[in-house]
Amino acid sequence: MIEREQIEMDVVFVGAGPANLAAALHLKNEIARHDELIDMGVKHGKKIGEIEIAIVEKGAFVGAHILSGAVMDPIAIRELMPDFLEQGCPVDTVVTEDAAWYLTKGKMINAPIVPPPLKNKGKYILSLSKMCEWLGEKCEEAGVNIFPEFPASEVLYDENDRVIGIRTGDKGIDKEGKPKANFEPGVDILAKVTVLGEGSRGSLAKQLMSRLGLMEGKEPQVFSLGVKELWEVPEGNFPEGKVVHTLGFPSDVQTYGGGWIYGLKNNVVSIGYVTGLDYVDPNIDPHAEFQKFKSHPAVAEVLNGGKMIKYGAKTINAGGYWTMPRLYADGVLLVGDSASFLNGQRIKGIHTAMKSGMLAAETIVSALEHNDFSAASLSHYEERVDMSWIYDELHAVRNFHASFQKGRWSALVNSGLQYLTKGLAWGFMPKEHHVAGHERMAMQREVNGRKNGKAADGLNGMGPTEHLRTERYDEVKFDKELTFDKITDVFHAGVSHDEDQPSHLHILDTEICATRCAEEYGNPCQRFCPAAVYEMEENAATGRREIKVNFSNCVHCKTCDISDPYQIINWVTPEGGGGPNYKGM
Ligand SMILES: Cc1cc2nc3c(=O)[nH]c(=O)nc-3n(C[C@H](O)[C@H](O)[C@H](O)COP(=O)(O)OP(=O)(O)OC[C@H]3O[C@@H](n4cnc5c(N)ncnc54)[C@H](O)[C@@H]3O)c2cc1C
C-alpha cells in the first residue's frame, strides 16, 4: 500500500487551458468583489476570505499542451479583463480580411460572400499556447497555485460517490510497473469543489461521465481532428491579418472536413486541416488529408519557398449543445471542451471555454458562501449557462454537425436554413441525430465492395507506412519540403516521454488488433493516429502481424481513445511533463 501525501485545497482545477485559467482568475476576482461589497454594506451575506486554489497541469509548463488555430473572439476575455490588451495579452494581430475558398481538385473558387459564421474581421489571431502561459502568470500573481507536470490520474470519491478531489500520477515507475530510484507517489489533492477542464476527451471527465451517468439522455459526443503546422513564408506570400477557411478538396462529400490559413505577424502562417472523426472510410488518414490539402495549387502557392517550423494535432469536440453532459454533480463541475462548449459552426471554443469557466467560478463563490457543494448547489452553474450568451450561441447551431453526417450537400443546405432560422430547420436531419464516430466507420469489405462492386480483401498485412500508398493518398509525395510524413512532423511537435515508463495507451485486448481488426478494418489506428504511434509489426515467433505501440510519439490528441472501432484503446495520463511542446503554437 503506497502512502500518499494529502493536500487540502478549497478548489482544484484539472487542466490549465483557457477554461480553467479564466475560471481560477475570475474566482479570485469575484471573491474579492463579494467580500468588498459586504464590507461596504451593499451586499448581505457571509464573507469568504482567503481560499486555497490549485490548478494541476500535465504539461511541462502552462501552454505546453495547448494547440489551437487560433482566431479568438474577445467577448469572454473582455468580460474577464476589460483592459486585457493594456495588461499585455499576447495577441499576435487583428483580423483584417476574411475569405472562404471552395476547393476542387485543381481549382479554387473564392466565395463572393463569406458566410456570416466565418466572418472574423476585428477578432484576434494568436497563439493560444502563448496566451495560456500569460493567463497562468496572471493567475499566479493573483495567488493561484499552479502545478505543471502534475497530471490528474484519478478522480477521488467518497462512499456516496461525491467527488472529493483528485489523485496525481505517480512518478518514477519503470516500464514493467516497478518503482525506480526516483519514485515519487502521486498526491491526493482534496477539495470542496473539483473542476474538470481537461479539453477534448478529458481522461478524468470520461471516467466521471461514465461512473455518474452524466451522459444519460444526451447524444453521444462527436469529434474532429485538427492537424496543424506553423510556417515561415517569404514576404508577400500571405498577408498578416488574413483569415481563409476552405471547404471541399481533399475531403470526400461524405466526410466532414475543412482547412484554415491564418496570417500572423512576421510572415508566419498557421495552416491546418480538420477531419471529422465520424468518417466512414476506414482508410482515411487525417494527417495525410492535411498533407494533400497543402498540395492543392492555391494552398501550395501560399507556402511556396517557406519553411515548416512546428507541428501539432489535437481533437475538437464538435457535437455542441445536444452532446453536452450534465455539467455538475456532488463536488464537481465540467467546463470548456470537456463539457462540449465549442461552437462547431464557427470552429471556435476559446471564448465559450473561458465563459463557461467564469460561470463555474460564480457558482463556486455562491457555494463557498453557503458552504454547500452538493449537486443541488452546483446545479446553478447549468442555470447560469442557460441564461448566458453561451446558450444563445450554441443553441442556434445545435444541429450543425449532425447535418454533416448526411453528407456535404445536405449539410450546406441545412446549415443555411439553420442559420436563417436559428437552428429550427430540421430539413434533412438524420433521424438518429449525432452518431458516435466509431460506430459510423465501415469495414474494409464494405468500402471496397462499394468501390469495386465486389468484396475485396481489405488492407490486412500493411506495414506502418504502406497505408499511405492506398490510392486515396497516391498523389501525396511526402517530399519533406511541402508535405511531411508523420515521423518528420512529430519531430516538429517537440514530443518527449521518458521511454522507461508503462505505456499510457492501454489496449484492452491486443488479440482483437491481430485478428478481427486487421481483417475487418485493416487496423485503422495506423492511419487515424497523427503521430505514428501504432504499427502492425510481424512477430517472428508467431509469424503474424501484431500491434506495436510507440507511445513516446504520442501528441496527446486522444484520437485513438475516440476512434478505435472496438473502443479498446484507453488513453490515460503518462508521467507528468511528458508529451508535446507546443510553445508558441
Ligand atoms: C486544431 C484546432 C484549432 C482550433 N481553432 C480554434 C480557433 O481558431 N478559435 C477558437 O476559438 N477555438 C479554436 N479551437 C478550439 C479551442 O482551442 C478550444 O475550444 C479551447 O482550447 C478549449 O479550452 P479548454 O480549456 O476547455 O481545453 P484545452 O485548451 O484543451 O486545455 C486543456 C488543458 O488541460 C490539460 N489536461 C488535460 N487532462 C489533464 C489531466 N488529467 N491532468 C492535468 N492536466 C490535464 C491539457 O494538457 C491542457 O493544457 C481549435 C481547436 C483545435 C484542436
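User: Which element gives the most to the shell around the ligand?
Analyst: Strand S20 does, with three residues. Keep in mind that this is a predicted model.

User: Where does S20 run, and which other elements supply at least two residues of the shell?
Analyst: S20 covers residues 307-317. Helix H1 (18-39), strand S18 (257-263) and helix H7 (350-370) also each supply at least two residues.

User: How many residues surround the ligand, and which are the closest?
Analyst: The count is 39. Glu57, Ser68, Val71, Lys314 and Asp337 are the closest.

User: What about backbone atoms facing ligand nitrogens?
Analyst: A backbone N or O atom of Gly69 sits 2.9 Å from a nitrogen atom of the ligand. Ala152 also has a backbone N or O atom 2.9 Å from a ligand nitrogen. For Gly349, a polar backbone atom is 3.0 Å from a nitrogen atom of the ligand.

User: How much of the ligand's accessible area does the protein cover?
Analyst: It covers 98% of the 1000 Å² that the ligand has on its own.

User: Switching to the sheet. What is the strand order in the four-stranded one?
Analyst: The order is S1-S14-S11-S10. The sheet is open, and its pairing is mixed.

User: Which strands are at the edges?
Analyst: Strand S1 (6-8) and strand S10 (152-157). Each of them pairs on one side only.

User: And the twist?
Analyst: It averages 25° from one strand to the next.

User: How do S11 and S14 pair, parallel or antiparallel?
Analyst: Antiparallel, over three bridges. S11 is residues 163-168 and S14 is residues 188-190. Arg167 stands opposite Asp188 in S14.

User: Which strands does H4 touch where it packs on the sheet?
Analyst: S10 and S11. The direction of H4 makes about 30° with that of S10.

User: Which residues of H4 are buried?
Analyst: Ser203, Leu204, Ala205, Leu208, Met209 and Leu212.

User: Take Ala205. Why does it count as buried?
Analyst: Because its relative accessibility is 1%, and the cut-off for buried is under 20%. Ala205 lies in H4, which spans residues 203-212.

User: What does Ala205 touch, leaving out residues up to four places away in sequence?
Analyst: Leu196, Glu198, Leu334 and Ser338. Ala205 and Leu334 are 129 residues apart in sequence. In space they are 7.7 Å apart, C-alpha to C-alpha.

User: What happens just after H4?
Analyst: Gly213 takes a positive phi there, about 65°.

User: Last one, Asp161. Where is it found?
Analyst: Asp161 is in the loop between S10 and S11.

Key:
Residues numbered from 1 in each chain as written. Predicted model: local features only at pLDDT ≥ 70, side-chain atom pairs only at ≥ 80, totals over all residues. Heavy atoms only, no water. Buried < 20%, exposed > 50% of the residue type's maximum accessible area, 1.4 Å probe, protein only. Contact = heavy atoms within 4.5 Å. Pairing = 2+ DSSP bridges. Axes fitted to C-alpha atoms, helices over the stretch in contact; angles between N-to-C directions. Near = heavy atom within 4 Å. Polar contact = N/O pair within 3.5 Å; in protein donor to acceptor, adjacent residues only side chain to side chain. Areas by Shrake-Rupley, 256 points an atom, 1.4 Å probe, with all protein chains shown as cover.
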